[in-house]
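This report looks at how side chains meet one another within a single structure. Please keep the sequence and the 3D view open while reading.

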Amino acid sequence: MGEEDTHDSGAEGKGSSQLSGFSAHVSPQLQTQINRSIGIIKGSALSGLKMPNLGLNASLFKDMGSTAKIFESQQKTLASILKTNSDSISLIKGAGIKMPQGAMSALKLNQDFLGSYTQSILNSVDLGVSDTVSRAIAQFASIQADWLKHLAPTLANLKRSFYPENLQPIDGLRFESVEEIVMSDGIPLYGVPRTSIAQALLEADGRGRRREILGRRWRSISEDCRVVLDSCQSLATKAFRDSARAALDALDAGYYQAAQALAGSIIDAILNMYFGSERTKYTPHPAGKRTTAAYEEFGSRQFIAFAPIWTTYQQFHVNQGDSIPSTFSRNATAHTVSPRQYNRRNAIQGLMVACSLILRVHEEHEARRG
């Protein structure tokens, strides 16, 4: 409603300058309707398009009046589609997602494509021939329908590209839901687990239910971790990969304490290698003085891969009398041997973190080589 109001308020001011000299031949209602349509065209997402002066003659006003609603309907349809795109991009930017290179170029090509036909229509109107107006509108509708038909799958593919392969098949995926799980719960979704388990985690109501899923599906998740490790053949990940396989062997054999301890060491080693002295930017401060702002610099995939680190490194100090956390904690894993921290759920969660980080390191290494 706010968008329509904006168009309306701008229509009369802009349209009147185009129709000066003809008001004596046109009823106020018809002039308002024509001005409104021109204003909608000029005030739409194509506002950057240079508009010609419309040399309308009085005989064309009646035809324009009858076609005004068609213009308006077409522009509303476009505005709705483009607003959806704009909202999506705003959400993506708000979540710290960087659009893939070329994505903006593709969208700009679509807009330029649409703009060229809008300009053509307006030039046709300038001829002052009523049947030309009708043909131009018909052409506009046809081109627009074809453009929107091709734009929809382009946007769908663009959205999927923001996510790792295991999340891409999930319909209606919202980034806020992914962020809650990876950042707040510290449960990885990058590459592991498989799509069906990832979807169950996304649909689960709260951290407790999600941890129940980890407990029930640990064997399948262990298999998923092995699949990911098998796909990481870069030399940069070999030491991490070998250690992660040893940890998975321990888990599958029932030695979850050993598996969890090794997973914690792998995670710490990857952080030191990847971030170096800046690793503290991505972990909580002992006095609570640090925020997650550093994660806003990441692209979408990088964020999904590294966000679990924030909760994984939740503060825990034995000498300060801190309670032992029940969820997976690298610090508690390193500084306690309590069954409250060491259990199979935490072991599988720690291995998920380790394997997802290994996958990300592998992908970045291969991208640099390629």
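## Terms and basis

A residue is called buried when its relative accessible area is under 20%, exposed when that area is over 50%, and partly exposed in between, with a 1.4 Å probe and protein chains only. By this scale D242, at 36% relative accessibility, counts as partly exposed.

The model is predicted, so that local features need pLDDT of at least 70 and side-chain atom pairs count only at pLDDT 80 or more, while totals for chains, interfaces and linings use all residues. Residues are numbered from 1 along each chain as its sequence is written, and side-chain values use heavy atoms, with hydrogens and water left out.

## Salt bridges

Side chains of opposite charge can pair when their charged atoms come close. A salt bridge is defined here as a side-chain nitrogen of Lys or Arg within 4 Å of a carboxyl oxygen of Asp or Glu, and by this rule the count comes to 16 salt bridges. One of them joins D185 and R210, whose closest N and O atoms are 2.5 Å apart. This pair links distant parts of the chain, since D185 lies in helix α6 (residues 175–185) and R210 in helix α8 (residues 207–216), 25 residues apart; helices here are DSSP runs of H or I with at least four residues, numbered from the N terminus. Both partners are buried, D185 at 7% relative accessibility and R210 with a relative accessible area of 4%. D185 and R210 also belong to a network of salt bridges that links them with E180 and R207.

Which residues form salt bridges with R245? One partner is D230, with the closest N and O atoms 2.9 Å apart, and this pair links distant parts of the chain, from R245 in helix α10 (residues 238–252) to D230 in helix α9 (residues 218–231), 15 residues apart. Another partner is D242, where the closest N and O atoms are 3.9 Å apart; R245 and D242 both lie in helix α10, three residues apart, which is about one turn of the helix. R245 is partly exposed at 24% relative accessibility, and D230 is partly exposed too, with a relative accessible area of 46%.

## Cysteines

A disulfide is a pair of cysteine sulfur atoms within 2.5 Å, and the structure holds zero of them. C232 is in no disulfide, as the nearest cysteine sulfur, that of C355, is 8.4 Å away. For C355 the closest cysteine sulfur is in C225, at 3.9 Å, which is too far for a bond. C232 is buried at 0% relative accessibility, and C355 is likewise buried at 0%.

## Aromatic rings

Rings of Phe, Tyr and Trp (its six-membered ring) pair if their centres lie within 6.5 Å, and their planes count as stacked when under 30 degrees apart, as edge-to-face when over 60, and as tilted otherwise. The structure holds 13 aromatic pairs. Among them, Y274 and F306 have ring centres 4.6 Å apart and planes at 40°, so this pair is tilted. Because Y274 lies in helix α11 (residues 256–275) and F306 in helix α12 (residues 300–306), the pair ties together parts that are 32 residues apart in sequence. Y274 is partly exposed, with a relative accessible area of 24%, whereas F306 is buried at 1%.

How are the rings of Y295 and F303 placed, stacked or edge-to-face? Their centres are 6.3 Å apart and their planes stand at 85°, so the pair is edge-to-face. Y295 is buried, with a relative accessible area of 1%, and F303 is buried at 4%. Ring pairs also link Y274, F306, Y295 and F303 into a cluster, whose members include F298 and W310.

Technical notes. Helices (H or I, at least four residues) and strands (E, at least two) are DSSP runs, numbered from the N terminus.
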